[in-house]
Amino acid sequence: MDTHLKDGAAPVPGDYKSDVKPIWCPGCGDYSVLAGITRAMAAMGLERHNTAVVSGIGCSSRIPAYTSVYGFHGVHGRALAVASGLKLARPDLTVLVFGGDGDGFSIGGNHFLHACRRNVDLTYIVMDNQVYGMTKGQASPTTEADWCESKLTPEGPGVNPIQPVALALSCGANFVARGYSGDPNEVARLIVEGVRHPGFAVIHVLSPCVTFRPEQRSWKGAVHPYGREPTDDPAQAMRAVLEDDGFGLGIFLAGNRRPFHPAVAATAGIAEIEEGFAV
Amino acid sequence: MAVDSVTIALVGSGGAGVMTAGQMLLDAAAAVGWYGLMSRSSGPQIRGGEAAAMVRLSPSPVHGPGDRFDLIVAFDWQNVERFAAELPLSADSVIVTDPAQGAVPAVLAASGARIIEMPIKELAARIAGGRVNMVGLGAVAQTVGLPRAGIDAVIAKALGKKGEAAIQASNAGYDAGAKEAAGWGLGLELAAPQGTGAVRWNISGNEAAGLGALKGGVRFCAAYPITPATEILEWLAPNLARTGGTLVQAEDELASITMCLGASFGGVPSLTATAGPGLSLMTEAIGLGVASETPVVIIDVQRGGPSTGIPTKSEQSDLNIAVYGLHGDAPHLVVGPTSIGDCLFTAQWAVHLAEALQTPCIMLSDQSLGQARAVIDRPADAPFTAGRLLAEGLDGEARYKRYADTPSGISPVAIPGMPGGEHTADGLEHAESALPSSQAADHQTQLDKRLRKLTAFDFGPHWAEIEGEGEVAVVTWGSATGPAREAVKRLEAAGGKARLVAIRLLAPVQPAKLAQALEGVTRVLVVEQTHGAQFHKFLRAHYDLPGSVTVFSRPGPLPIRAREVHEALLSLI
Ligand SMILES: Cc1ncc(C[n+]2csc(CCOP(=O)(O)OP(=O)(O)O)c2C)c(N)n1
Ligand code: SF4
């Protein structure tokens, strides 16, 4: 139920869950990501009323309804823009953004590029299942070139998948990490680090779509710790990412770019501005 | 005998400084108490190339361009053919030309206008640091009888920083031009200023729109540059910062509008400005604003369309997309300013309405309002500011219903930061609780509610500007109002009678109010600047127009002139 955090009591993940039952398929990786998110919120003790989650459209973008903080469930691909506007207008809020690989890198690709380079203080959790779940199984920008299960691309998409982590690094994201939904505690840790790190944080979470890509269950055996300490040097992080097999988990970059924020203190009243028009 | 309006064009290529001269002329006229309007025309080149500053001056407020040019001063004739159609002349017109620049182009000479030769370049060359535009300005000032005090004030203001030598050169150029013109005897001296006593402003429509937005309470703007809307952003950038707001140059229009929705969800009144192509890109997200009930103002400074059309010239042809462009049943607000000064009022009202009704408001300005500059009486202060109905008594006991089905249709909103109001705003159809729902009853309830909040709202007298009386009515909107108003005034000056109804609130429609405004009318003239008579069809779809209806509709880029409307009106009398 939508109760308030009790004064003094340490928050628990359940405080950040809504009572809405997810529409996801049984076994969908996004359940565990949601668990990681609420654990992270509890670990940080976020105030619910000062926290906002923003998403686009897709299975993964349903997350706002399943949390008990403020949320904005928008249209396909625009989550980062909505969140950027919100954070710039309300720097006092903690703003997290959620979505899928299609939402983030296909229709929202341009916003991803610019969110990375703009470096607004947001945390973006992108749930990558290398498929469009919500529209029932089409190739996404992270799908392998030879994946032939979609009716739209029966011969396979035939084009190389993009590499979200490398893309984020090359566009200037200030914090870049990878998690796996099968390990919600690690997801929670990465989110906490991402939120605490100033600037735009990208957390790429491998989150299997058991319905349209049942073979992704094997990711459980493929993932491994990335195994190095986070660096603040994007070039070093990029070398490590290119050497990685795509299943390495951990923080690749914790950079030190200054977050983008225009000044907000008023220095003039309207009357003064109006005087400029008088003849 | 003094005249009560003079229309002047200063023509020349890039380096001649026609825009500066036009601007100084308008400023100087304003300084001595006249009113005026300046629009500009230039070719498709980015910088330099052919250009004209078009200025109309009058002792009383100016509503639109003159019927024809009384005086053209040409510094050179480079490519003037490209916009000769924008320079209507008659046998009563005067062309001042520098013989060193060759003959007056045939397209203009064919008007039969009187041609006066003046060695502009040579006169300027005789002065150290002399410039042709000041020589031209002096000739124009002499011709219209501009008191010297006007130009003194303007030169001091414009050139103060450049030092004494620059001021002296400008004065000498001005005097040389004035001396030449002293003997012309053109009879174009303007009547003395009437002096309403009001404080007067020199402002462009785009600046006025920016100011209106600020006055309405806008403190966030995200936008992508596009002609002819960019000046709104350029004006807002420093002025939002001064008032504690933020402007972001977004990566595209999809980001612009959705950033605004995000900021507005955060409780900060937000605005974006664009032109036709950008509005097309925004329509999906404007629907998101409707469904999620997030206020936002979109100023569309219309230009010739479709596609990239004629970016630097005016038209009113985005009406259809503004009213009908959203998918689904998506009631929203559409307003149109009726003059340069009214861009202020309408933008301020738009912010107020969007916030009060928690829905997007599209304001349809256009190039001819936005990029023109006028001397106007300082607009009266309007009481409209942003005021969102906030949720109260959020104790966390009962679940907060973001989309509560209230009698007014307006649901009290909780803003992030308000404890107990946590909810997810959603573009998916939802129940009153804000939870996604695809149930028929919820869809019906929310559609009804979103429509009701617009239809039940009292928009007061501002839905239209209504003037005059009689059995003939001119029904118009937006920038077509200026020439229509002038046409009605001309008819009245000749003893005729007509009503003017300029609709400011295009959506939601106000059938009862228009019916009242047109009571007793037997003939209607619809005036608009489109090729497909969009406004006429819009009226036909939503209103009962009395008696016989005549349509004056033609596309841009040439501005609608009062003469055209007057002729159409006379044919109805
Ligand atoms: C403008 C627009 N185009 C297409 C769609 C249809 N659509 C909804 S979700 C989606 C893809 C979702 O895939 P992804 O972002 O990877 O998320 P997932 O469902 O896999 O979590 C698409 C194409 C839409 N809602 N809006
Ligand atoms: S379709 Fe795939 S991504 Fe969507 S809910 Fe089902 S398992 Fe999850």
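Entry 1. Before reading the strands, I noted that two strands pair if DSSP finds at least two bridges between them. The model I am reading is predicted. I looked up strand S2 (residues 70-73) of chain A and found that it pairs with S15(B) in the parallel sense, over 3 bridges. Within this pairing, I located A:Gly71 opposite B:Thr424 in S15(B).

Entry 2. I then turned to the whole interface. I found 61 residues of chain B in contact with 47 residues of chain A. Between them the two chains bury about 4500 Å², and 62% of this is on carbon and sulfur atoms.

Entry 3. Which residue forms a salt bridge with A:Glu274? I found B:Arg378, with the closest N and O atoms 2.5 Å apart. The count of salt bridges between chain B and chain A is 5, and I also noted 23 residue pairs in polar contact. Among the elements that give two or more residues to the side of chain B that touches chain A are helix H7 (205-216) and strand S15 (424-426) of chain B. H9(B) gives the most, with 8 residues. By class, I recorded that side of chain B as 28 nonpolar, 19 polar and 14 charged residues.

Entry 4. Finally, I examined ligand 2. The residues around ligand 2 include A:Trp24, A:Cys25, A:Cys28, A:Cys59 and A:Cys209. I recorded the shell as 7 nonpolar and 3 polar residues, with no charged residues.

Methods: Residues numbered from 1 in each chain as written. Chains lettered and ligands numbered in written order. Predicted model: local features only at pLDDT ≥ 70, side-chain atom pairs only at ≥ 80, totals over all residues. Heavy atoms only, no water. Near = heavy atom within 4 Å. Nonpolar A, V, L, I, M, F, W, Y, C, P; charged D, E, K, R; others polar. Contact = heavy atoms within 4.5 Å. Buried area = accessible area lost by both parts, 1.4 Å probe. Salt bridge = Lys/Arg side-chain N within 4 Å of Asp/Glu carboxyl O. Polar contact = N/O pair within 3.5 Å; in protein donor to acceptor, adjacent residues only side chain to side chain. Helix = DSSP H or I, 4+ residues; strand = E, 2+ residues; numbered from the N terminus.
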